[in-house]
Amino acid sequence: MNRVYRLKFILWLVVGLASAVAAARFTQGLGAITNLSDPTPWGLWVGFDVMGGVALASGGFIMTAAVYIFRLERLHGVVRPAVLTAFLGYVAVAVGLLFDLGLPWNIWHMIVFWNPHSPLFEVGWCVMLYLTVLTLELFPVPAQEFSALAKVRRILVKGRLPLVVAGIGLSTLHQSSLGSLFLIMPYRLHPLWYSPILPLLFLISAIGLGMMMVTFESHSTAWLYRRKPETEALAPLGGAARWVLLLYMATRLADLAIRGQLRYLVTPGWHMALFWLEMSVMAIVPAILFSLPRVRRTSGGQWAAAGLGVFGVVMNRIDVGGLAHLSRGNHIYLPAWTEVAISAGVVAGATLAFLFMVERFRVWEQRPADPLADPHKLPEFDRVGMTWLGVPAIAGRMVYSLGFIFAAALGLALLAPQPAASRGVDPQPVHRARGGAILWIDGNLDGFGVAFPHDRIVKRLGGDTSCVQCHHMNLPRDRASGCYECHRDMYLTSDAFQHDWHASPEGGRLACVQCHPSQPRSAAGAKPCTGCHKDLTPAGATIPVKHYRAPGYVQSMHVLCINCHVQLAKQEGKPDFARCVTCHKERRGLTDSGDTTARPDAVRGILLPAMTR
Amino acid sequence: MQAWIEFGRGPLFRLAFCLMVLGLLRVVVLTIVGIAEAYRRNSDRIVPWKAIARQTLGWLVPVRRLLGGRPVYSVTSFLFHVGLLAVPLFLAAHVRLWRGAVGFAWPALPQRPADYFTLLAIAAGAGLICGRVFHRGARALSRLQDYIWPPLLLAPFVTGYVCAHAALGPKVYQEMMLVHIYAADLIMLTIPFTKIAHCVLAPFSQAVTAVAWKFVPGAGQEVAATLGYAGLPIWVANSRSAPAAGDKKEALVK
């Protein structure tokens, strides 16, 4: 059982980390923890959690069909784990969706507000109904342990056939309709993946995946619990999966040929590499492996071939869900670590639930027993710590909770709290105005600026004595410091005082008491700046400096200019004098080439198609 | 050094604080689950809940116990706890940090009482160290962590007091601050996994003993008599070599 305990510890670590990320997700929103954006609103969570999760659950309907419809009694032993896997897969999908939906509390809307034209509507309803069916199919397993539920169990076992039929119907419906979702985006999905028969391709691959997933899951748990692998019973599944995979390959290549897109198979690039990697892992290599009798009849071979195929089909879903989309504009989406953590956490949680069910209920013919749990066994001390934590149930409780809190605390520490749900205004440092008699004021150098007739305004305001009307504060030993020295950001408030610089040994080298002579050491009780900097505010300055928090550049410029302009406009009867165009006349490139139409960010803003179709 | 200070009060503080909160929650939950399991497994379900409650409250308000074996030590310990809780939680500078970080805060102590509490904690802590080192019985019961904890707990108090009062140059101030922050981080990181977890487990300790062990009054003396230590002081009993592991097993089998 050591393998199980080790695996469980790792899974609890992952769940702990994911819990911390989940807390951030639901308190700070999607923007805080994902790399998703308006051009890429669907990412890893849709590709892996939802589409991959649904695909991985396909073993449920394949196995119930094989055993209860086609009466392949040999496979009876793997039906229960397959249904359990499917059930947990769908629960994982639902949980993953809650993370991915912007307003998760509206998830019930599709039940009331119908939109029958949307494939997502069909997917949502099918997932909901199939999850119900799976719950009813699985319920007899835990019900076996409680005598009070015997009656319910009998009814469910009797009504199994209609449930199985409903399950198969619902499952096939929405395995394919997940493909239909992408029919709407022919200009977004690369032609190697986009196809009008995407629903069919999804269905065929889901059938193949279901067989491989059951094989993979059975061998993995057999290794984990040191059980005898069911190699004999599973061999025909591998044989069948081979034919399904060959059918899938043939359909997909024929579809490419009919649509005349075969040339992309040999057009070098990211998409060609991705396609061939996906096809090899998902279909070609597993089909070859399953064709070799030596592989098909051994447990290791079955495990490897099935694992490869499972990985490949999930990769296919992730590709269709995001990786195979054409890059538009200059946005490249790569999942953030927090997104990966949530996905891994959902899978880890489902795995823990699987292990719990297997150990607690009769999913297999016999429940796995741990010799250490025997109450008559003498305690064995841990060789390292010379301690005995108790029987496995108690020891597990202590160790897993320890792993969980460590991972959760680490996650919380890594996720710095954000000031608000949105990233707010990005910092935009200000560049100084250039020029002499006429200053070109363009703080963020975007080419939209104001030609400011400095010398003319000086003359109008009264010559040299008028400096202080605008230059209301100077840097130490400076005269008429530029606006940009303190108003350092276009829109954000900057700190004109810089407390930490004054206190640091590398900067001002001031001890606390030099500015804060009394307790408590707050801004209110501090010495005024002018106590040291005698030349800070020039005599006659009209703009008061109170708190040394300089407003954004744009705001300060506007307040300074517009107040005078409004007064003058009234006095002189020229209303246009206070309008935007008086100052914001023209756009000049940084080189003054005279070309006023070429706006660099206008070119950047257009989403150019990456390839012509 | 500025970078180290920022790390200590940023990510490391968040890690330490979260681990402290989650870790304490964990031990509380594990303790409650343990009590529940012991209760379920008991052959009789008779638990003297009233006596447990009375004992627990009696230990929470230790005035009743002050006149026990070592009254000076008990009073010092009580004063130490008062300073230990009052200053970190209610110092004006700390409250201000909380307001900046989480947006809300609570009333703070004025500067002068906070100073007195700090000095009280330092003095009482020093007294406790002496009481442990110079008392034979206490020494016999002490483990390594019992000697490490008081100085570690006092480090942030001493450095914090010096930072707040001495006219230091910026470099010394930063060094003091570094010790202050990292000592506090270390304390928070280790609280849930050491004996300091009694800050949340204290209300359960009486119940654990009563439910899980069901000792009758005077059981301790009977155990000591059975082991042949009746009437001996603790340091004598402790210095006697424990029975070898093999003997123990035999005793168990018998």
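This is a predicted model: local features need pLDDT of at least 70, side-chain atom pairs count only at pLDDT 80 or more; totals for chains, interfaces and linings use all residues.
In what order do the elements of chain B run from the N terminus on? The answer is α-α-α-α-α-α-α-α-α-α-α-α-α. The secondary structure of chain B accordingly amounts to 13 helices and 0 strands.

Of the 254 residues of chain B, 16% count as buried.

The packing of the helices of chain B may be followed through helix α6(B), which spans residues 111-133. In general, two packed helices are described by the angle between their axes and the distance between the axes. Helix α4(B), residues 71-90, packs with α6(B) at an angle of about 140°, and the two axes are 8 Å apart. Because angles over 145 degrees would be needed for a roughly antiparallel pair, α4(B) is classed as oblique to α6(B). The crossing in which α4(B) passes α6(B) is left-handed. On the side of α4(B), the contact is made by B:Y73, B:T76, B:S77, B:L79, B:F80, B:G83, B:L84, B:A86 and B:V87. On the side of α6(B), the residues involved include B:A114, B:F117, B:T118, B:L120, B:A121 and B:A124. By class, this contact of α4(B) with α6(B) has 12 nonpolar and 7 polar residues, and no charged residues.

Helix α6(B) also packs with helix α8(B), which covers residues 144-165 of chain B. The axes of α6(B) and α8(B) come within 10 Å and cross at roughly 155°. That angle makes α6(B) roughly antiparallel to α8(B). The crossing of these two helices is left-handed. From α6(B), the residues B:T118, B:A121, B:I122, B:G125, B:L128, B:I129 and B:R132 take part. They meet B:D146, B:P150, B:L153, B:L154, B:F157, B:V158, B:G160 and B:Y161 of α8(B). The contact of α6(B) with α8(B) divides into 10 nonpolar, 3 polar and 2 charged residues. One of the residues of α6(B) in this contact is B:T118, and B:T118 is also listed in the contact with α4(B).

Attention now turns to the place where the two chains touch. The contact takes 18 residues from chain B and 19 residues from chain A. On the side of chain B that touches chain A, α2 (11-41) and α9 (170-190) each supply at least two residues. Helix α2(B) gives the most to that side, with 9 residues. By class, the residues of chain B on this side comprise 11 nonpolar, 4 polar and 3 charged.

Chain A is divided into domain 1 (34-332) and domain 2 (434-605). The C-alpha centres of these two domains lie 61 Å apart. A pair of residues in chain A gives another view of its extent: A:Q555 and A:I155 are 400 residues apart in sequence and 74 Å apart in space, C-alpha to C-alpha. A:Q555 has its place in helix α22(A), residues 553-572. This residue counts as partly exposed because it has 15 C-beta neighbours inside 10 Å.

Helix packing is also found in chain A. Helix α3(A), residues 44-56, and helix α16(A), residues 337-360, pack at an angle of about 5°, with axes 10 Å apart. That angle makes α3(A) roughly parallel to α16(A). The contact joins A:L44, A:W45, A:F48 and A:D49 of α3(A) to A:E339, A:V340, A:I342, A:S343 and A:V346 of α16(A). By class, it has 6 nonpolar, 1 polar and 2 charged residues.

Further along chain A, helix α18(A), residues 454-461, is hardly covered: the count of buried residues among its 8 residues is 0. This helix is followed by A:G462, whose phi is positive, near 120°. A:A480, in the loop between α19 (467-470) and β4 (494-495), has a phi near 50°. With 10 C-beta neighbours inside 10 Å, A:A480 counts as exposed. A:R509, in the loop between α20 (499-503) and α21 (512-515), has a phi near 55°. With 13 C-beta neighbours inside 10 Å, A:R509 counts as partly exposed.

Key: Residues are numbered from 1 along each chain as its sequence is written. Chains are lettered from A and ligands numbered from 1 in the order in which they are written. A residue is buried if 20 or more other C-beta atoms lie within 10 Å of its own, exposed if 12 or fewer, and partly exposed in between; C-beta atoms are placed from the backbone. Helices (H or I, at least four residues) and strands (E, at least two) are DSSP runs, numbered from the N terminus. Axes are lines fitted to C-alpha atoms, for helices over the stretch in contact, and angles run from 0 to 180 degrees between N-to-C directions. Angles under 35 degrees count as roughly parallel, over 145 as roughly antiparallel, 65 to 115 as roughly perpendicular and the rest as oblique. A crossing is left-handed if the near helix is turned anticlockwise from the far one by less than a right angle, and right-handed if clockwise. Two residues are in contact if their C-beta atoms, placed from the backbone, lie within 7 Å. Ala, Val, Leu, Ile, Met, Phe, Trp, Tyr, Cys and Pro count as nonpolar, Asp, Glu, Lys and Arg as charged, and the others, Gly among them, as polar. Domain bounds come from an automatic or database domain assignment.
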